[in-house]
Amino acid sequence: MADANHGAGTPDTPGARTREKVSEKLGVLILERGLLSKDDLEEVEHRVQWLNEPLDRLILQESLLEESVLIGLLSEVSGIPVTTSIHTEIDPTVVDRVPARVATHYNVMPLREEDGVLVLAADRVFDPKEEDQIRIVVGTHVRWKLCRPLEVVECVKHYYGVGIDTFLG
């Protein structure tokens, strides 16, 4: 398996994290660790192509791996660190830097600003196009932390207020 720190870019740059590269590395790691059989992984990969959904999304939706295991694997293949409790990391002064529609659409939560870079928590690895869209909207470079999907949803509801369920569907 290729090292997550090599390739089209470093793990913290969009070029290193295309959906296809992340899915490929994730699949290899899942097989190496014996977390799914080759046949089960191939079935999921066929659905990935048919549904045009990322591998990690389908694995999570179909409960093939525990959330915490999947987030850890995504961290390994992408180089994005995991945070286990975003509630304790949120600086309320940066919440307004990300519009509610963006937070809910992408399921991201602003955590803090470090050296002019906005740190966002997310439940997935974004492709370069999505990262660029988010960066343009927030008006600055972003750095990522991975966390459980439900934790992001809960924080978005808490910090963006009542009525956010409308955005969440």
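1. Basis of the note. The model is predicted; local features need pLDDT of at least 70 and side-chain atom pairs count only at pLDDT 80 or more, while totals for chains, interfaces and linings use all residues. Residues are numbered from 1 along each chain as its sequence is written, and side-chain values use heavy atoms, with hydrogens and water left out.

2. Strand 2. Helices (H or I, at least four residues) and strands (E, at least two) are DSSP runs, numbered from the N terminus. Strand 2 spans residues 117–122, and six of its six residues are buried, buried meaning under 20% relative accessible area, exposed over 50% and partly exposed in between (1.4 Å probe, protein chains only). In a regular strand the side chains alternate between the two faces of the sheet. In strand 2 both faces are covered, with Val117, Val119 and Ala121 on one side and Leu118, Leu120 and Ala122 on the other.

3. Partners of strand 2. Two strands pair if DSSP finds at least two bridges between them. Strand 1 (residues 108–114) pairs with strand 2 in the antiparallel sense over six bridges, whereas strand 3 (residues 142–146) pairs with strand 2 in the parallel sense over five bridges. Val119 stands opposite Arg112 and also opposite Arg143 in strand 3. The hairpin of strands 1 and 2 has two residues between the strands, and Asp115 takes a positive phi near 50° there.

4. Crossover. Strand 2, helix 6 (residues 128–138) and strand 3 make a right-handed β-α-β unit; right-handed means that, with the strands pointing away from the viewer, the path from the first strand over the helix to the second runs clockwise.

5. Val108. This residue lies in strand 1. Val108 counts as buried because its relative accessibility is 0%. Leaving aside neighbours within four places in sequence, the contacts of Val108 include Ala121, Ala122, Phe126 and Trp144, contact meaning heavy atoms within 4.5 Å. The C-alpha atoms of Val108 and Pro149 are separated by 9.1 Å, although the two are 41 residues apart along the chain.

6. Helix 2. Which residues of helix 2 are buried? They are Leu41, Val44 and Val48. These residues are on the same side of helix 2 because they cover an arc of only 65° around the axis, the arc being that of the directions from the helix axis to the C-beta atoms. On the other side, Asp39, His46, Gln49 and Trp50 are exposed. The buried residues of helix 2 pack against helix 1 (19–32) and helix 3 (55–61). Just after helix 2, Asn52 takes a positive phi of about 55°.
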